[in-house]
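Subject: Structure handover

Hello,

Please find the structure below. My notes on it follow.

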Amino acid sequence: MATPSSHKDLSLKWLELFQTYARTHSLQATANETGLSVSTVSHHLRSLEEYLGVALFDHARRPMVLTPTGRNFLRNIAQAMQGIRKATAEASSGNVADASYLRVGTIEDLDSDVTPELAVHLSQKMPDCNFLYHTGTSHEIVKMLRHRELDLGIVTSPAKSLNDLIDWPLLRDPFVAVLPKSAESSLPDIVAGHTKLPFLQFSSDLIIAAQIEAQLRRLGVELPNKFECGNNQTLMAMVAAGAGWTITTPLLFSRARRFQPKLQMHPFPGKSFGRTLSLITSPDCARSVIDLVSHKLRSELSQQVIAQTHRAIPWLKDQFTLIDQV
């Protein structure tokens, strides 16, 4: 390949497209993600190779793959590109009112009260900003954050490493047992499987289900179940109808107000355990935006969820709490 070009400057756009292609392995996917045409993406990638004077791609392969030189180049620019994105984000949104684009992911656990209030608040504080709100599972939101398809997300903190993502813990949400109001057997007997009341559980692909299963395994408890569900309201409806019992959290229980008269909540027997609700951000998300979102989330959780739950269920006062900011 020719020697590095001295007739043009290195373009940040070339580097961004190079990183995107290295992640997607597709010209079409790169074009879709960046809003460019396939021919424009291809032209920019060729320009980068010509500027450097090296082959970053094996053009004989379909789809193209990175050459060893391309893989080394990708590793070498990663930290620099992260620094550039962070500096750009801080400069453009040091005053959040000037921010132009924000992509937020949230789990369904907050979509009936907290998320709508957050959306209204951000639209008022950032009047010129274009927003994208995505609702999904914690796994999905974390994956989108890793791929830089979202700027921040409110999720159940996963047990696995977040790599370069940043975890800002918000809420300690303990696991509790929820039974039908009509249940007559003792909770220990129900948990031990000594009754005919079946265990109704969250779908196994959810983080919350994995956390509950891990704790039951540590306790040596095996619970045959006949029902899995990814929707909290449906799960609460089934318990309220006397179809079984479940393990959930106060936050999720608080969302099932219409079913609560037919439900009873108890501390999970034995050693307590819980999940953490966190604000997860990409490393280049501006701190001013993080602070704005975090402050509003904490305020809404405290007023709309925690205070009401403490009044109704006093024994949760020391367990269902906000996590102090470091």
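N72 is found in helix α4, which covers residues 68–93; helices here are DSSP runs of H or I with at least four residues, strands are runs of E with at least two, and both are numbered from the N terminus. The residue N72 is partly exposed, because its relative accessible area is 36% (buried is under 20%, exposed over 50%, partly exposed in between, with a 1.4 Å probe and protein chains only). Between N72 and T115 there are 43 residues in sequence and 42 Å in space, C-alpha to C-alpha.

On sources: this is a predicted model, in which local features need pLDDT of at least 70 and side-chain atom pairs count only at pLDDT 80 or more, while totals for chains, interfaces and linings use all residues. Residues are numbered from 1 along each chain as its sequence is written, and side-chain values use heavy atoms, with hydrogens and water left out.

The protein chain as a whole has eleven helices and 13 strands. Its C-alpha trace spans about 80 × 45 × 30 Å along the principal axes. The chain has 326 residues, of which 46% count as buried. Taking contacts (heavy atoms within 4.5 Å) between residues at least 6 apart in sequence, 74% join residues at least 24 apart.

S278 lies in strand β12, residues 274–281. With a relative accessible area of 0%, S278 is buried. Its side chain has a polar contact of 2.5 Å with the side chain of S157 and another, of 2.8 Å, with the side chain of D167. A polar contact is a pair of N or O atoms within 3.5 Å; within protein, one must be able to donate a hydrogen and the other to accept it, and residues adjacent in sequence count only if both atoms are side-chain atoms. Leaving aside residues up to four places away in sequence, S278 touches G153, I154, V155, S157, D167, W168, P169 and L170.

Helices α1 (residues 12–24) and α3 (residues 38–52) pack at an angle of about 110 degrees, their axes 9 Å apart. Axes are lines fitted to C-alpha atoms, for helices over the stretch in contact, and angles run from 0 to 180 degrees between N-to-C directions. α1 and α3 are therefore roughly perpendicular (65 to 115 degrees). The contact is made by K13, W14, L15, L17, F18 and Y21 of α1 and by V41, H44, L45, S47, L48 and Y51 of α3.

Regards

Conventions
Angles under 35 degrees count as roughly parallel, over 145 as roughly antiparallel, 65 to 115 as roughly perpendicular and the rest as oblique.
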